Amino acid sequence: MTIPLDPTSTLAGTRPLLKSRLWIWLIALSGALAVWFYGYLRLPTGPASGSGFSGTLSSLPKDKKIFRVATFNMHSGVGEDDVFNLGRTIDAVRDTDFCGLQEVRGFLYGPASSQAQQLAGATAHAWLFAPTERRYWHDEFGNGVLTRLPVENWVRIPLPIEPVHSGRRNAFILRVDFAGRIVPVIVAHIDREKDQTNQLLMVARLFDSLQSPSLLLADLNAEAKNPQVQSLLSLDGVHNCIHESNSSADSAERIDWIISRGFNTVAGGHIQNGASDHPLYWADLVFER
């Protein structure tokens, strides 16, 4: 006997299968979106401390008396022409003994963990990276250092921000060996807008608390007329190194700073080779007698 086929039986059997597959795809898509959103968030790195540095130091003369320090907001290697070209950044930082860097990028993949490491490898410096933010499961953005001078130890201190502000900043404080004398150095990048006042006050207090000789290498995002900058420059024994060098790099609109105590400025200047939307500022320093 022939059993008649039910024309709806195949269709009825596929409906549960289609629904289950749809749910699987929806769950997978929701999971992927959740992972993407978590990676997208800019998470603060918080405070940290450590000793030493990464990489190998090149040898310096034992009787070295003049030290070239610099500060450079490197704009992540993107120049005034909006073109990424790290070669120009390498040329700018090459001749420094100690260079504080701002707007340094970290990497999730590749042989280098950050642009500080890339620059150090190309210029015979050692390096340190002080990230302010983590994103997509890696240290993504912050300050850095290139050095030919030994670093004894360091501490990373987050700067205050308003709760609704997504950008983070820090002060990177290092104890650096300048020919046998340990000098505390602050590398910092200050916010341009609503967090600026509180961050400037904190950096000024940190600098004021340091022993002399000491250094501040920073993009303060503030000109000399700013009240907090004026207070910083009025501290006992403070030198505005670029101004004192009588360099053509000095101007009333300058927002990048090399500030010292316990040093005399021998020379100073800037390099503006299109590597960034900021010049690199440098100063040759000797210890005060």
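Here are some worked exercises on the structure above.

This is a predicted model, in which local features need pLDDT of at least 70 and side-chain atom pairs count only at pLDDT 80 or more, while totals for chains, interfaces and linings use all residues. Residues are numbered from 1 along each chain as its sequence is written, and side-chain values use heavy atoms, with hydrogens and water left out.

**Exercise 1: the sheet**

Work out in what order the seven strands of the open sheet lie.

*Solution.* Start with the terms: helices (H or I, at least four residues) and strands (E, at least two) are DSSP runs, numbered from the N terminus. Two strands pair if DSSP finds at least two bridges between them.

Step 1. Reading across the sheet, you get S2-S7-S8-S9-S10-S12-S11, with mixed pairing.

Step 2. Now the edges: strand S2 (48–51) and strand S11 (238–240) each pair on one side only.

Step 3. From one strand to the next, the twist averages 15 degrees.

Step 4. Look at some neighbours. S7 (residues 151–158) and S8 (residues 170–178) run antiparallel, joined by seven bridges, and Pro158 sits opposite Asn170 in S8. S9 and S10 run parallel with five bridges, and here Val185 faces Leu215 in S10. S10 and S12 are antiparallel over six bridges, with Asp219 opposite Asp256 in S12.

**Exercise 2: getting from S9 to S10**

Find which helix the chain passes through between S9 and S10, and the hand of the crossover.

*Solution.* Step 1. The chain goes from S9 through H4 to S10, and this β-α-β crossover is right-handed (with the strands pointing away from the viewer, the path from the first strand over the helix to the second runs clockwise).

Step 1. Is S10 buried or exposed? Buried means under 20% relative accessible area, exposed over 50%, partly exposed in between (1.4 Å probe, protein chains only). Six of the six residues of S10 are buried, so the strand is largely enclosed by the rest of the structure.

Step 2. Check both faces: Ser214, Leu216 and Ala218 are buried on one side, and Leu215, Leu217 and Asp219 on the other.

**Exercise 3: the cores**

Identify the residues with the most contacts inside the largest nonpolar core.

*Solution.* Step 1. A nonpolar core is a set of buried Ala, Val, Leu, Ile, Met, Phe, Trp, Tyr and Cys residues joined through side-chain atoms within 4.5 Å.

Step 1. The largest has 27 residues, and Val69, Phe98, Leu174, Phe178 and Val185 have the most contacts inside it.

Step 2. Elements that each supply at least two residues of this core include strand S3 (67–73), strand S5 (126–135) and helix H6 (241–244).

Step 3. Zoom in on Val69: among the residues it touches are Phe98, Phe178 and Trp282.

Terms used. Axes are lines fitted to C-alpha atoms, for helices over the stretch in contact, and angles run from 0 to 180 degrees between N-to-C directions. Contact means heavy atoms within 4.5 Å. Lists of a residue's contacts leave out its neighbours within four places in sequence.
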